[in-house]
Amino acid sequence: MKKNKFNLNYISIVLLISFPGFLVTGPFLSELSMNLINIIFLYKFFKNSKFEYLKNTFLIYFILFYLYVFLTIIISDHTEKIYLKHIFYFRHIIFVFAVVDLLKENKNLIFLFYKALVITIFIVSIDGIIQFFFEVNSLGFTKIRPDRLTGFFDDKMILGSYLARFLPLLIALAFLNLNLKKINDLIFGILVIVISFIVIILSGERMAFFTSFIYLISLLVMLNYKSLVKILSVFLIILITSITILVSPTLFDRYYQQTKDQINFSLSEKNFFNNFKFYKNIYATAFNGYLDSKVFGQG
């Protein structure tokens, strides 16, 4: 029985630490790994009577949120299109508890996941840098646009978004692993954080860059460090950002000129959405959808 439990835990751990890498390949492997982790957790849940998870306060909020999602499906005008996508949303709830269960049973899992995430982000970032300088990445994928990077994502311009979403987690795990006294791992982690932020800028994804920039500045302000350390860190982030953008005319055009051309903000504008030249119809449609269903949305 112990051997079986060990094998199941081992499979779940391997799938979990591989999850960031699976996301690079597309939705299939990441969804498959998440569902397998869920199935193994449910097997252990019923076999070992781990009913204490049912008493968790967060489960109540998760269930209420799922009921809210389910209700939006029923009342939506696009039920047929979103039904299958949303009806199985509960798998994310199970996944949260599956990860919590793995963390309880494996004390070193956080550090293992941290190392796997650092390596994954490092490889993805280096590949993005290669594509920036040589117009083609390590797998032969070429740029779709001169001002955007795709890296391993081929024709999908989501390299910056991928890195931006993992950046807060990477930083959080770096802080959690500070007490492990493994200075080499910490230094490499900090280096990867800096490189990934630079690649977010190089990717040309403005939303990914702005959210990452605001997150880093806000984090430094809230951290309990000396004021001098905070000021120097903020200055370093601004310096890295400025140098990265200014050394490339393409990036300068992307972040400054294109943004300026697409946004002509004026408080005197009768229709607020006219301030956004290329996105006014999208924003107006979203706002009108909100007005039609302020509580439950459009699904």
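The model is predicted, so local features need pLDDT of at least 70 and side-chain atom pairs count only at pLDDT 80 or more, while totals for chains, interfaces and linings use all residues. Residues are numbered from 1 along each chain as its sequence is written, and side-chain values use heavy atoms, with hydrogens and water left out.

First, the overall picture. The chain has 13 helices and zero strands; helices (H or I, at least four residues) and strands (E, at least two) are DSSP runs, numbered from the N terminus. Of its 299 residues, 38% count as buried. Buried means under 20% relative accessible area, exposed means over 50%, and partly exposed is in between, with a 1.4 Å probe and protein chains only. Among contacts between residues at least 6 apart in sequence, 62% join residues at least 24 apart.

Now the core. A nonpolar core is a set of buried Ala, Val, Leu, Ile, Met, Phe, Trp, Tyr and Cys residues joined through side-chain atoms within 4.5 Å. The largest one here has 61 residues, and the members touching the most others are Leu 16, Ile 121, Tyr 162, Leu 163 and Leu 170. Helix α8, residues 159–176, gives this core its largest share, ten residues. In soluble globular proteins, nonpolar side chains tend to be buried together.

What does Tyr 162 contact, leaving aside neighbours within four places in sequence? The list is Pro 20, Gly 21, Leu 23, Val 24, Thr 120, Ile 121, Val 124 and Phe 153.

Next, helix α3. Its 21 residues should span 30 Å at 1.5 Å a residue, and the end C-alpha atoms are 30 Å apart, which agrees. The expected span is 1.5 Å times one less than the number of residues. Buried residues in α3 are Ser 30, Ser 33, Met 34, Ile 37, Asn 38, Ile 40, Phe 41, Lys 44 and Phe 45. Seen down the helix axis, the buried residues of α3 fall within an arc of 165°, so they line one face; the arc is that of the directions from the axis to the C-beta atoms. An α-helix has 3.6 residues a turn, so residues three or four places apart point the same way. On the other side of α3, Phe 28, Ile 39 and Phe 46 are exposed. Just after α3, Ser 49 takes a positive phi of about 50°.

That brings me to the charges. A salt bridge is a side-chain nitrogen of Lys or Arg within 4 Å of a carboxyl oxygen of Asp or Glu, and the structure holds eight. One of them joins Asp 101 and Lys 44, at 3.1 Å from N to O. Asp 101 is in helix α6 (residues 90–105) and Lys 44 is in α3 (residues 27–47), 57 residues apart. Are these two buried or exposed? Asp 101 counts as buried at 3% relative accessibility, and Lys 44 counts as buried at 3% too.

Another salt bridge joins Glu 105 and Lys 50, at 2.5 Å from N to O. Glu 105 is in α6 and Lys 50 is in the loop between α3 and α4, 55 residues apart. Glu 105 is partly exposed, at 26%, whereas Lys 50 counts as buried, at 11%. Lys 44, Lys 50, Asp 101 and Glu 105 are linked in a network of salt bridges.

Last, Arg 91, also in α6. Arg 91 counts as buried at 17% relative accessibility.

Key: Contact = heavy atoms within 4.5 Å.
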